[in-house]
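Please look at the sequence and the structure shown below before reading on.

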Amino acid sequence: CIAFCTNIQSSKLMAEELLEEGYQTVSLTGANDTAMRMKAFNDLQDDTNSLEIICTVDILNEGVDIPQVNMVLFLN
């Protein structure tokens, strides 16, 4: 799942809240370096990895294809 958030604070908060609910999450923003982003994208697509949700802001807006993603959330 990709969860689009409204700002960095919201992205971090949603990742923490979803983690508390038992989901494996990560918050990615424009401040994260390319290596961290690629690791998260690869982890999300790896069936042996527990990452389920990327909470994001200011990235993944267009031109990204992650075939394993089967849900998109727009959080406000």
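## Burial and surface

In this predicted model, 36% of the 76 residues of the protein chain count as buried.

## Overall form

The C-alpha trace of the protein chain spans about 30 × 30 × 20 Å along its principal axes. Because a compact globule with 76 residues would have a radius of gyration near 11 Å, the value of 11 Å for the protein chain agrees with that expectation.

## Order of the elements

The protein chain holds two helices and four strands, and from the N terminus on these elements follow one another in the order β-α-β-α-β-β. Among the contacts in the protein chain with a separation of 6 or more, 69% are accounted for by residues 24 or more positions apart.

## Nonpolar cores

The largest nonpolar core has 11 residues, including Ile2, Phe4, Leu28, Phe41, Leu44, Leu51 and Ile66. At least two residues of this core come from each of strand S1 (2–4) and helix H2 (34–45), and H2 gives the most to it, with three residues.

Leu44, one of the residues of this core, touches Cys1, Ile2, Leu51, Glu52, Ile53, Ile54 and Val69, when residues up to four places away in sequence are not counted.

Technical notes
Residues are numbered from 1 along each chain as its sequence is written. This is a predicted model: local features need pLDDT of at least 70, side-chain atom pairs count only at pLDDT 80 or more; totals for chains, interfaces and linings use all residues. Side-chain values use heavy atoms; hydrogens and water are left out. A nonpolar core is a set of buried Ala, Val, Leu, Ile, Met, Phe, Trp, Tyr and Cys residues joined through side-chain atoms within 4.5 Å. Buried means under 20% relative accessible area, exposed over 50%, partly exposed in between (1.4 Å probe, protein chains only). Contact means heavy atoms within 4.5 Å. The radius of gyration is taken over C-alpha atoms; the globule rule is 2.2 Å times the number of residues to the power 0.38.
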